[in-house]
Structure formats: structure tokens, C-alpha cells
Amino acid sequence: MSENASGNERRCILCGEPIPDWMISFEGIRQGIYVCENCIATAFDVLKEQETGSPKQEKRGREEEPPVIPTPSELKAHLDRYVIGQERAKRILSVSVYNHYKRIFRKNALDPHVEIDKSNILLLGPSGSGKTLLARTLAKKLNVPFAIADATTVTEAGYVGDDVENILLRLIQNADGDILRAQKGIIFIDEIDKIARKSENRSITRDVSGEGVQQALLKIIEGTLSDVPPGGGRKHPYQEMLKIDTTDILFICGGAFVGLDKLIAERTSRRTIGFGEISGGKKPSLSELYEQIHPDDLVKFGLIPELIGRLPITVGLDELDKEALVKIITEPDNSILKQFSEMLKLDDAELRFEPEAVEAAADIALKQKTGARGIRSIFEKLMNDVMFELPDIPGKKTVLVTKESLTGGKKPEIIKK
């Protein structure tokens, strides 16, 4: 520390203000160069903000050691624990996700002259076939941030609704504000088929929820440095933005694409004798049709070619039959039957579900055409009255659910032990 020993006026080299005799100052290596106490304090505050993270600045996070990436077979085995059926889809997804994260975390081992493009994924399948569950289960296994967005809520810039950047904000929020971690996450965009344009011809007018939204999604799906409003909503000129690079974010888009199978069948039937002879006289499944999908089929459906090019991996999911629904109710680690059994244990109750009752629940889901998504609502409606009464019944008891509980309006029976 230095004081004014020579009697000459001292000035701060940073702010240029005179330094009084009573103020502490720092003298540099060269004689006559000083920094005042105020500038020292300001510099200290700046360093502290950079170390702890300023409340006005997004949390950038720190680069971590490259994680051990699960192999495709390990990813497939994990999916088998939660997703019934869809074998081919699980294999394709496992390989695609493995290659994506291998490209990110092992880029130092790659030839710097070879640029490997990102391979985003398009899932095609009916409602309730497991599209969202597949994406969420993979993200959980990989321990990466995951966000779900609905394409139907996104509108073209200038219209009421969500900007595409709000999709990225959800990912940042799910990464606890860690931008670096969010940049390696997974985003699932559902209902992508609902933003198909109405015809193959390009419209000269704005399409609020169709082609315009597809155009808006192009850049973030391909990879760009995007400005995200920290509070969501619309951007304005004086707003401080969060910056996130989407180059390494894996985008999985899903949709039911009702009617696309007919477009594929019409195209292939003109080129071949017919699907009936290819599949031995049987009607081909959805996944068999989707295996023969061509980009032109998606263009006819209403997706723009630029978006199709950014979703190079196409995975078809089959509609769930009764056998698959029965397995979904009983077998996975997160099956609805196991979930309700655990909930009833907290009230000293054991859940007994007769096999005929499980089949009846599967039949109801098939009739409603809701797939696996509708199973929970069936169980919630069935068990509501029972779960209302159980906490008031002392001691151990058993809840018996029969086929009549689902088909005949008979309430599940509570048996005291």
C-alpha cells in the first residue's frame, strides 16, 4: 500500500480521480502509477460476480469430464424395462442416441477435417404408442436435461403464441440454468404433424401455425446460437437474453401422422404387385409401412423439404394391440399396476387384480383408441372410491378387483384381514 510521501498529487490510473491522503491506494510496479480504493473495490466485485455467477447473467456451468456413454445394447435394455414392444424402434433409437453423444463427447478423437452432422429423429406412430416415453426414458438413462414442447402452441413470429425460443427456455430451466449442460440435452417436440401445411404448394401468405412455424424451427433444430428471453414470452429490443448453442442438442420430433400410411401404400402399390403379396397376404403393420417411407411422402403430407432434411432418422411405431396393453399394465418397472400397489401399501392394503380384470382394462383402452396414455385414467376412475375409503379402515386389508369392476359397474371389494 502507498501513501503520499512526496507531496505530489496522486491520480488513479483507472478512473483519473485525485487520491486523497487518507484513502488507501495501490502503487504499481512503475513509480507514480496508482489505483484508488474505489476502483480496487469495483474490481473485486467484478471478480466475485464472475466466480459465483451474477444474478443478471445466465449460469454458464463448467465443462465436465466426458461421461461414459451407454452402448446401444445397454440403452435398449434400459428401454425394455419401461417400454413394451416397439422392438425395431428401440433398436434404431438406441443406435442413433449412442452415435449422437459419441459425436459430442469424443470429438477430440475425430479427424478435425471431417465434420459429422447431427442426426435428429422423427418418430411416427399413433397416439399412446410410446413416443414421449421413449424419449424421456433415454434422457433419464443418459442423465441429460430433457424438455417436451407441443408444436401446436408455437406460432410464427409476430403472432400471439410461443416463439420457438421458448422451447429452449424449458430445456435451460430443466438444466437448473446451466447453459453448458442444457446444450447437451434432448428436446422432444410433439404433434409435429399438426403444423403440416394444407397443401404441397408454397403459400404466398403467412401460415400462422403451419409452414411458418416449420421455417422457424429449422435453425434451432439444425444448430444455431439462439437468444432466449430469460422470462419467456416475446422478445423486446432492450431485454437481456440468454445465449444457447443448439448444435449439440438432440431434437426428437413425434406425431401421429394420420393418413400417412395410406400415402405410402398408394405409392408402393403402384410400384409393386401389392403389399398383400409382400407380407404373405396379411395387411402390413404401421412399422412395416413406415420402413418404406420416402421424403416425398412427408412432403405430400405437408412437411417442408428443409425440415425433413434436418430429421434424417425416421422411426415408425406400431399401434398397440391387446397383448401389448396387458403387458404395459403389468410388466414394466413403472407399470400402472405396480404404481397403485405401492400407493395402497401406504394404507396397509394389498392390491389383487384378477387377470380377467387386466384384460378388461386393455379392452377399454383399445375401444377408446387412446393406447397406453388412457390406461391411467381408467385406473384412476376405477380406484377413486376405494382410495377414498381405505385410510379410514384400520388394520390390514386387501382390495380385490374383478372383471365386473370394469365392465359391470361393481366397485372393487375391500376385504379386511
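Some ground rules. This is a predicted model, where local features need pLDDT of at least 70, side-chain atom pairs count only at pLDDT 80 or more, and totals for chains, interfaces and linings use all residues. Residues are numbered from 1 along each chain as its sequence is written, and side-chain values use heavy atoms, with hydrogens and water left out. Helices (H or I, at least four residues) and strands (E, at least two) are DSSP runs, numbered from the N terminus. Two strands pair if DSSP finds at least two bridges between them.

Now the overall picture. The protein has 17 helices and 12 strands. Of its 417 residues, 43% are buried. Buried means under 20% relative accessible area, exposed means over 50%, and partly exposed is in between, with a 1.4 Å probe and protein chains only. The accessible surface is about 23,700 Å², and carbon and sulfur atoms hold 52% of that. Those areas come from the Shrake-Rupley method with a 1.4 Å probe; for residues, only the protein chains shown count as cover. Take contacts (heavy atoms within 4.5 Å) between residues at least 6 apart in sequence: 69% of them join residues at least 24 apart.

Look at strand 3, residues 121–124. Both of its faces are covered. Ile-121 and Leu-123 are buried on one side, Leu-122 and Leu-124 on the other. Leu-123 stands opposite Gly-254 in strand 8. Strand 3 also runs parallel to strand 9 (residues 313–316), joined by 4 bridges. There, Ile-121 has Ile-313 as its bridge partner.

Strand 8 pairs with strand 5 as well. Strand 5 takes in residues 186–190, and the pairing is parallel over 4 bridges. Phe-188 stands opposite Ile-252 of strand 8.

On to salt bridges. The structure holds 18. The criterion is a side-chain nitrogen of Lys or Arg within 4 Å of a carboxyl oxygen of Asp or Glu. Arg-267 sits in helix 8 (residues 260–271) and Asp-297 in helix 11 (residues 295–301), so the pair ties together parts that are 30 residues apart in sequence. Buried or exposed? Arg-267 counts as buried at 18% relative accessibility. Asp-297 is buried too, at 2%.

A second pair is Lys-322 with Glu-359, at 3.9 Å between the closest N and O atoms. Lys-322 belongs to helix 13 (residues 322–330) and Glu-359 to helix 15 (residues 355–368), 37 residues apart. Lys-322 is partly exposed at 31%, and Glu-359 is partly exposed at 37%.

Then a local one. Lys-345 and Glu-342 meet at 3.1 Å, N to O. Both lie in helix 14 (residues 336–345), 3 residues apart, about one turn of the helix. Lys-345 is exposed at 51%. There is also a network of salt bridges, linking Lys-76, Asp-80, Glu-87 and Lys-90.

Last, backbone angles. Most residues other than glycine have a negative phi. Which residues go the other way here? Gln-86, among them, has a positive phi of about 55 degrees. Gln-86 lies in the loop between helix 2 (72–82) and helix 3, and is buried at 9%. Asp-176 has a positive phi near 60 degrees. Its loop joins helix 5 (165–174) and helix 6 (179–182). Asp-176 is exposed, at 61%.
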